[in-house]
Amino acid sequence: MNDRLKMSSWLGSALVLGALIALWWGASNLGWVSRVFLPTPQATWDALAEGFNLRGNGHGELADWTLDTVGRMLQGWLLASLAGVALGVFIGASAAARAWLQPMLEFIRPLPASAVLPVAIAIFGLSPRMVLVVVAFGAMWPVLLATVHGLATVDARLAEVTRCLQLSRPAFILKIALPHAMPDILAGMRLALTVALIVAVVGEMIASQGGLGQAILLAARAFRASELFAGIVLLGLIGFVSNGLLAFAEHRLLRWQRP
């Protein structure tokens, strides 16, 4: 039954994607929208092929820009995950820390990463390090809040068992609290990966750093619609693949929870 449900879900997703591409083809080829603003799917594919030098007649710059963006996304996400889990354990494992720090977290959490960009530029300048710091800051919050929630919801009876077994506080966190919070932490990390990609692209646009964000911005300013859409398609593929890989890792890591 589960296999059938998965197959029908994949089939439905493929049909929706096919319908969207067909609508795109019709809108651009039948003149519903000017090709200056909406290129054809074929033109977008040609821009991708030229950017990756698939036909041997391009420069392959799109591959370098993609690697730059993916590198920033992954570095910022890793920093955000480490900082989010560490701070989340510190706050979530202590009721006193939650009471003291919760108001500050609620004040800082709604701040969009783009609002922090001017402060980061003033401190680090228009540099790759500035973009990395902003990416890590923006992506840290889903992991931090998920970790705090996961540790705060540990059953009180487990703490009593810990005291009966005379386990130390670090042992309780490592052996009981963190495994209990792992589903929340992994869900937060999946969300953080999407945030890291978005912030990396915005940072590249504002800080004029090489990457897909800068490539999309330059293509938009020059009215090169096919290159702009090629960059957008690439961003969608990066998000889809990275989320799929993390979902697979989550499925493997949480096998012990399934009967």
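Predicted model: local features only at pLDDT ≥ 70, side-chain atom pairs only at ≥ 80, totals over all residues.
View 1. Most residues other than glycine have a negative phi. Phe 223 is found in the loop between helix 9 and helix 10 (225-253), and because its relative accessible area is 59%, Phe 223 counts as exposed.

View 2. Val 33 is found in the loop between helix 1 (2-29) and helix 2 (41-51), and with a relative accessibility of 33% Val 33 counts as partly exposed, whereas Phe 223, at 59%, is exposed.

**View 3. Thr 44 is a buried residue of helix 2.** The relative accessible area of Thr 44 is 2%, which is under the 20% cut-off, so this residue counts as buried. When residues up to four places away in sequence are not counted, Thr 44 touches Trp 24, Pro 39, Ser 226, Phe 229, Ala 230 and Val 233.

**View 4. Phe 137 and Trp 141 form an edge-to-face aromatic pair.** The structure holds two aromatic pairs, and in the one formed by Phe 137 and Trp 141 the centres are 5.8 Å apart, with 85° between the planes. Because the angle between the planes is over 60 degrees, the pair formed by Phe 137 and Trp 141 counts as edge-to-face. Both residues lie in helix 6 (residues 128-152), four residues apart, which is about one turn of the helix. Phe 137 is partly exposed at 21% relative accessibility, while Trp 141, with a relative accessible area of 9%, is buried.

**View 5. Ser 114 is shown together with Val 134.** Ser 114 lies in helix 5 (residues 113-124) and is partly exposed, its relative accessible area being 43%. Although 20 residues separate Ser 114 and Val 134 in sequence, their C-alpha atoms are 8.1 Å apart in space.

Technical notes
Residues numbered from 1 in each chain as written. Heavy atoms only, no water. Helix = DSSP H or I, 4+ residues; strand = E, 2+ residues; numbered from the N terminus. Buried < 20%, exposed > 50% of the residue type's maximum accessible area, 1.4 Å probe, protein only. Phe/Tyr/Trp six-rings, centres within 6.5 Å; stacked < 30°, edge-to-face > 60°. Contact = heavy atoms within 4.5 Å.
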